[in-house]
Amino acid sequence: MTRALIVIDVQESFRARPLWETISDPKIADKVNRLVRLARQAGDQVVWVLHSEPGTGGVFDPALGQVRLLAEVEPPTDDEPLIHKTSHNAFTTTNLQLLLTERGIRELTVCGIRTEQCVETTARVGSDLGYQVTFVVDATATNPIAHRDAPEDQSVAALLADPRTLPAEEVVRRTEYALAGRFATIATVDELEAAAGLPA
């Protein structure tokens with residue numbers, strides 16, 4: 001075993017926010033489940049990561065009960081660690097690197113929420129740490145991004161009506177361009193299944 005699937009922030013916290021209605025893939029759990037099954041069949045390590053902001057009183061505060069995997073996600077098995085992070089990337093505030101080193105992992109496959117934030121940042125840091133990273137772009141999801149001058153408390157309707165808002169599809173496209181050939185190999189779930197010899 002030299003590979004690990006890192007499932008990042010596929011959690012109910014996001015669904016608890018009004019912004020969830022703009023998510024690029026509301027059925028992201030389906031693609032994550034396919035990757036999890038693929039990893040398990042290959043004997044790869046699966047690591048689950050949840051984002052936590054203790055004491056904030058928001059949806060990422062574990063005291064509110066939303067810091068848990070989306071209900072549709074296949075539950076971790078006993079040998080699949082579930083770790084909590086408080087930074088954007090999955091390394092800085094966790095024991096992820098130690099966990100991977102102890103298991104001899106050199107290759108990472110990353111997926112989760114949000115495409116350009118925690119998943120991309122984990123891919124970048126993982127690459128800098130010497131891991132070979134595969135970014136499964138269609139097993140990530142994100143939201144439209146407000147312009148830097150937009151009010152922080154604007155409604156979802158105002159976000160979508162603002163012509164300066166960057167659409168989620170464009171966020172994903174720009175992330176692919178930023179990572180490819182620099183920090184990660186870009187792949188899709190279908191491509192990984194085909195490489196493993198699974199029927200389409």
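This is a predicted model: local features need pLDDT of at least 70, side-chain atom pairs count only at pLDDT 80 or more; totals for chains, interfaces and linings use all residues.
Figure 1. Arg-37 belongs to helix H2, and Glu-74 to the loop between strand S2 (45-51) and strand S3 (82-85), so the pair ties together parts that are 37 residues apart in sequence. Both ends are partly exposed, Arg-37 with a relative accessible area of 36% and Glu-74 with 22%. Widen the view and you'll find a network of salt bridges that links Arg-37, Arg-40, Glu-74 and Glu-80.

Figure 2. Arg-114 is in the loop between S4 and H4. The peptide bond joining Ile-113 to Arg-114 is cis, with omega about -5°. That's worth a second look, since most peptide bonds are trans. Arg-114 also forms a salt bridge with Glu-116, where the closest N and O atoms are 3.2 Å apart. Are these two partners buried or exposed? Both Glu-116 and Arg-114 are buried.

**Figure 3. Helices H4 and H6 side by side.** Two packed helices are described by the angle between their axes and the distance between the axes. For helix H4 (residues 115-128) and helix H6 (residues 168-179), the axes come within 11 Å and cross at roughly 10°. With angles under 35 degrees counting as roughly parallel, H4 and H6 are therefore roughly parallel to each other. On the H4 side, the contact is made by Thr-115, Glu-116, Glu-120, Ala-123 and Arg-124; on the H6 side, by Val-171, Val-172, Thr-175, Ala-178 and Leu-179. Sorted by type, the residues of this contact are 5 nonpolar, 2 polar and 3 charged. Glu-116 turns up here as well as in the salt bridge with Arg-114.

**Figure 4. The largest nonpolar core and a second, separate one.** The largest nonpolar core has 26 residues, and those touching the most other members are Leu-5, Val-7, Val-32, Leu-35, Trp-48, Val-73 and Cys-111. Zoom in on Leu-5 and, leaving out residues up to four places away in sequence, its contacts are Leu-35, Val-36, Ala-39, Gln-45, Val-46, Val-47, Thr-109 and Cys-111.

Figure 5. Ala-90 is in the loop between S3 and helix H3 (96-102), and it is buried with a relative accessible area of 0%. Leaving out residues up to four places away in sequence, Ala-90 touches Val-49, Ile-83, Lys-85, Leu-96 and Thr-122. The C-alpha atoms of Ala-90 and Asp-9 are 9.5 Å apart, although 81 residues separate the two along the chain. Asp-9 has its place in the loop between S1 and helix H1 (12-15) and counts as buried, at 0% relative accessibility. Its backbone is the curious bit: phi is positive, about 60°, even though Asp-9 is not a glycine. Most residues other than glycine have a negative phi.

**Figure 6. Arg-68 in the loop between S2 and S3.** Arg-68 lies in this loop and is partly exposed, at 41% relative accessibility. What does Arg-68 touch, not counting residues up to four places away in sequence? The contacts are Val-10, Gln-11, Glu-12 and Leu-50. Gly-104 is 36 residues from Arg-68 along the chain, and their C-alpha atoms are separated by 28 Å.

How values were computed:
Residues are numbered from 1 along each chain as its sequence is written. Side-chain values use heavy atoms; hydrogens and water are left out. Helices (H or I, at least four residues) and strands (E, at least two) are DSSP runs, numbered from the N terminus. Buried means under 20% relative accessible area, exposed over 50%, partly exposed in between (1.4 Å probe, protein chains only). A salt bridge is a side-chain nitrogen of Lys or Arg within 4 Å of a carboxyl oxygen of Asp or Glu. A nonpolar core is a set of buried Ala, Val, Leu, Ile, Met, Phe, Trp, Tyr and Cys residues joined through side-chain atoms within 4.5 Å. Contact means heavy atoms within 4.5 Å. Axes are lines fitted to C-alpha atoms, for helices over the stretch in contact, and angles run from 0 to 180 degrees between N-to-C directions. Angles under 35 degrees count as roughly parallel, over 145 as roughly antiparallel, 65 to 115 as roughly perpendicular and the rest as oblique. Ala, Val, Leu, Ile, Met, Phe, Trp, Tyr, Cys and Pro count as nonpolar, Asp, Glu, Lys and Arg as charged, and the others, Gly among them, as polar.
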